[in-house]
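The sequence and the model are shown first.

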Amino acid sequence: MKEFSHLIKSLEQTTQTNKKVKSLVEFFQEADEKDKVWAIALFTHKRPKRQVNTRQLRDWVIDSSGLPDWLFEESYHVVGDLAETLALVYPSGQKQNQESLDYWINYLYGLKDQADEDKKQKIIEAWQQLNADEKFIFNKLITGGFRIGVSKNLIIKALSKYTGESSEVISHRLMGNWDPFETEFQTLVLDERPNENASKPYPFYLAYPVEKEIDSLGNVDEWSAEWKWDGIRSQLIKRNGEWFLWSRGEELITDKFPEFGEVIDHLPDGTVIDGELLPFKDGKPLDFGILQTRIGRKNLTKKIMNDAPPIIKAYDLLESNGTDIRNESYESRRNKLKSLLDDEVIQTKIIMSDAVSFDSWEELTKKRASSRENSAEGFMLKRKDSVYKAGRKRGDWFKWKVDPMTIDAVMIYAQKGHGRRADLFSDYTFAVWKGEELVSFAKAYSGLTDKEMQEVSNWVKKNTLEKFGPVRTVNPELVFEVAFEGIHASKRHKSGIALRFPRIKRWRKDKKKEEANTLDDLKQFLIENA
């Protein structure tokens, strides 16, 4: 635990990638084998199932420390992180424990099925054996992830440097549904595996957004364009007579979409298709929210399956007849994909995402304007000679999305953020007019500069009307332009509307609250995007 707490501290003290990689490499050089596995698991979102809830932790630390409820809550809102607040509030004990990260994770996992009073005793015993830094880590293992700017790509870079293996090899080895409780570092990272787990997907190739003028990409003849669909990026795999469906988030979702089993027999063994999982009916994609109803359900009812029938819009072929073809050109892979999908049965569930023809960037720009009419977000642009790489790489693949929809709204609530934003009101709730009433419709916490956020935060402190725990009701005066990617009707929201990816585009200091948009304006987007 000591080495891991030192690692976290060093990672928090820098924003430089090279320094973070150096700290990670040093940890892998010093830590024991099992702690290496747990570090990889924690930073790649494979945290063990929580055995204690946050309400219990609050109650236990308040009871043990004698701190009043209100003072703990105020401390939490100032600190902005529950694990850190718990570590600061509970006094460090006299004992010093030298146990490993693996020991403490198994210690927590051992609380499963124990009575609440026994859990409380075990948690307090742990707090008494750990110093402040280790206590923070211990609490983080219970409450959630580490917000220290460590991505999976950073872990892959560090492991590549530590082992001498290429990033592509490390990336592939970390893919899949491995269990940190049962996996050894040697097996996970170091061992060559000619017969890899048949279910394992390839690392996804991710595109960068177009940031310059589109003609800066050069000769149009070198590029292919296809619609960018709003679904779940997935890989459909068939190997050894079995099939698997993986999301880009490395979640195995085969059981959520049994319909693809209807066409699997028509695909040859050794096939891996990269595409977009979409809800699809009557020849067109449905709203993304409909797909989420399936992902979040433990049991699939007949109604859910009928309401959200899935297809895969196939982009690419990564494996053909058991051969990895990612180093072939994009054009070659697409030709093989087209031949593979030339089957009426397969086409009921797997549909080729066809290329969009264009002879000039001007022509493609005009076609991009019709994206929403085609239920798309814009275009994916790919060099015809590009190989399929791992992760986000510049140069060969770009996403060229249409401009977001926007609405001018009034801020009515504000809440403090977390981490470095713990002392700033950075999370806002927005409303539009419905007659003389302001109706809330979205929350957003990104889009403002640090300077603007500080200015808004100062304003909130002076214009608070009511306090509800961490939330402040404010004078409805400030107007912001809120951007969003999608919109759909929702019975769960007072406004009857839910937005996809809402964020602040700009602070409209030039507008009065009376000039903000109306609920009818929002509903017009629904009609236009139906």
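Trp38 is buried, its relative accessible area being 0%. The model is a predicted one. Trp38 belongs to helix 3, residues 33–43, and its ring takes part in one of the 26 aromatic pairs that the structure holds.

The partner of Trp38 is Phe181: the ring centres are 4.9 Å apart and the planes stand at 80°, so the pair is edge-to-face, the cut-off for that class being over 60 degrees. Phe181 sits in the loop between helix 11 (167–174) and helix 12 (185–190), so its pairing with Trp38 ties together parts 143 residues apart in sequence. Phe181 is partly exposed, with a relative accessible area of 28%.

A second pair joins Tyr103 and Tyr107, whose ring centres are 6.1 Å apart; their planes are at 40°, so this pair is tilted. Both tyrosines lie in helix 7 (residues 101–109), four residues apart, which is about one turn of the helix. Tyr103 is partly exposed at 32% relative accessible area, whereas Tyr107, at 11%, counts as buried. Why does Tyr107 count as buried? Its relative accessibility of 11% falls in the buried class because that class takes values under 20%.

The two pairs are set out below.

| Pair | Distance of ring centres | Angle of planes | Class |
|---|---|---|---|
| Trp38 and Phe181 | 4.9 Å | 80° | edge-to-face |
| Tyr103 and Tyr107 | 6.1 Å | 40° | tilted |

Aromatic residues also group together: Phe4, Phe27, Phe28, Phe43, Tyr162 and Phe185 form one cluster. Phe185 of this cluster has Lys36 over its ring face, at 5.0 Å from the ring centre. In a like arrangement, Lys382 lies over the face of Tyr315, at 4.9 Å from the centre of the ring.

The remaining topic is helix 4. This helix has twelve residues, 54–65, and at 1.5 Å a residue they should span 16 Å; the C-alpha atoms at its ends are 16 Å apart, which agrees.

At the N-terminal end, Asn53 caps helix 4, with a side-chain oxygen 3.1 Å from the backbone nitrogen of Arg55. After the helix comes Gly66, which has a positive phi near 80°. Within helix 4, the buried residues include Gln56, Leu57, Arg58, Trp60, Val61 and Ile62. Among the elements that cover the buried residues of helix 4 are helix 5 (69–79), helix 6 (82–89), helix 8 (116–129) and helix 9 (132–143).

Technical notes: Residues numbered from 1 in each chain as written. Predicted model: local features only at pLDDT ≥ 70, side-chain atom pairs only at ≥ 80, totals over all residues. Heavy atoms only, no water. Helix = DSSP H or I, 4+ residues; strand = E, 2+ residues; numbered from the N terminus. Expected span 1.5 Å × (residues − 1). Buried < 20%, exposed > 50% of the residue type's maximum accessible area, 1.4 Å probe, protein only. Contact = heavy atoms within 4.5 Å. Polar contact = N/O pair within 3.5 Å; in protein donor to acceptor, adjacent residues only side chain to side chain. Phe/Tyr/Trp six-rings, centres within 6.5 Å; stacked < 30°, edge-to-face > 60°. Lys NZ or Arg CZ within 6 Å of the ring centre and 35° of its normal.
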